[in-house]
Amino acid sequence: MAAAMAVRYTKVNFLADEAAKFLHERRDGQPFVLSVNSLEPHPPSYGPLNELHRPGEVLTDPAFAIPVGADASKLHRYNYERLYKKGYKNHPIGTRDDFRRLRANYYGLVSMVDGAYGRVLRALEESGQAENTIVVYCSDHGDMMGDHGLMQKGVFYEGATHIPLMIHVPWISREQVMMDQPVSLVDLVPTLLELLNGGVPAGLDGKSRVYGLRDPSSWKPEDIFIEWHEAGDHTMDGRSIKTADNWKLNLFHGDVPELYDLNTDPGELHNLGRDTAYKDRVHQLTDRILAWQKQHGDTMSLVV
């Protein structure tokens with residue numbers, strides 16, 4: 001494989017340069033919105049910092065390099081089988097060490113992104129506008145990076161759906177608070193609108209979480225819903241609920257339900273969806289998904 005280009009030629013480095021230039025030029029105190037959206041870390045999981053992290057030292061999860069189970073949904077089994085048949089972006093896939101190499105490369109890309117965004121934050125400080133600027137850091141999805149023998153997204157496992165989210169509002173608090181309750185990205189827009197005193201329009205998806213930023217003890221954990229539409233094969237379309245008490249149910253059209261107790265099984269290794277002892281819980285969570293579908297005009301049929 002050809003050598004990776006130097007950091008200075010990467011997309012995230014270019015964006016950091018442009019963002020810093022923008023911030024240094026905005027010293028007039030006028031309101032602004034700046035979005036910096038890097039491609040990295042992203043496939044092909046190969047970059048200039050591949051050797052920064054050693055494969056043998058990368059952190060792994062309970063499900064790391066563990067094949068998708070036979071009791072998993074068609075969607076999850078299909079993604080697993082496709083990966084092993086076709087490989088991953090010219091990387092060999094077959095052993096635990098292959099996944100460790102990819103994860104080490106991914107860590108290198110994350111380190112590169114961290115450095116670039118650090119430069120953006122320094123430019124914000126130097127511009128004199130850090131005290132009246134909201135900073136949000138998040139991702140649109142995660143990456144399996146070898147968990148369940150999978151890569152990238154397109155599945156309901158935590159590796160793909162559990163993402164970073166950090167919000168800094170300097171005039172509310174300087175204290176770092178870690179929130180364990182699930183929250184959805186659809187809540188970002190109403191939250192930012194309220195913070196900007198813009199008002200939250202009726203009918204907008206999501207809800208403002210400003211109350212939780214002002215008083216973390218008042219944060220009200222709620223169910224989070226996720227949907228997936230598989231291009232070309234809608235028999236693998238699915239809906240998922242992650243509850244406030246940390247259970248997850250994945251439903252698919254005419255396919256096996258997947259139920260996980262994330263409190264005792266964070267790796268989602270034990271599907272309880274067909275266990276008669278959890279029949280009532282499956283029905284209860286199914287009803288919540290159906291109610292959410294009705295609320296949002298979602299007509300996809302789910303069969304349990």
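**Close-up views of a predicted model**

**View 1. Strands β3 and β4 pair in this predicted model.** Strand β3 (residues 224–228) is joined to β4 by 5 bridges. The two strands run antiparallel. Trp 228 has Gly 238 of β4 as its bridge partner.

**View 2. Strand β4 is largely enclosed by the rest of the structure.** The strand covers residues 238–242. Of its 5 residues, 5 are buried, so the rest of the structure largely encloses it. Which residues point which way? Gly 238, Ser 240 and Lys 242 point to one side of β4. Arg 239 and Ile 241 point the other way. Residues of both groups are buried. In a regular strand, side chains alternate between the two faces of the sheet.

View 3. Strand β5 (residues 247–252) runs antiparallel to β4, and 5 bridges join them. Ser 240 has Asn 250 of β5 as its bridge partner.

**View 4. Asp 265 is buried and has no salt bridge.** Asp 265 sits in the loop between β6 and α7. Which side chain of opposite charge is nearest to Asp 265? That is Lys 248, 10 Å away. A salt bridge would need a side-chain nitrogen within 4 Å of a carboxyl oxygen. Asp 265 does have a polar atom in its side chain that lies 2.8 Å from the backbone nitrogen of His 270. Leaving out residues up to four places away in sequence, Asp 265 touches Tyr 260 and His 270.

**View 5. Thr 276 is exposed in a loop.** This loop runs between β6 (258–261) and α7 (279–296). How exposed is Thr 276? Its relative accessible area is 70%. Thr 276 and Glu 230 are 46 residues apart in sequence. In space, their C-alpha atoms are 29 Å apart.

**View 6. Helix α3 spans 45 Å.** What follows the helix? Just after α3, Gly 128 takes a positive phi of about 80°.

Methods. Residues numbered from 1 in each chain as written. Heavy atoms only, no water. Buried < 20%, exposed > 50% of the residue type's maximum accessible area, 1.4 Å probe, protein only. Helix = DSSP H or I, 4+ residues; strand = E, 2+ residues; numbered from the N terminus. Pairing = 2+ DSSP bridges. Expected span 1.5 Å × (residues − 1). Lys, Arg positive; Asp, Glu negative; His and termini not counted. Polar contact = N/O pair within 3.5 Å; in protein donor to acceptor, adjacent residues only side chain to side chain. Contact = heavy atoms within 4.5 Å.
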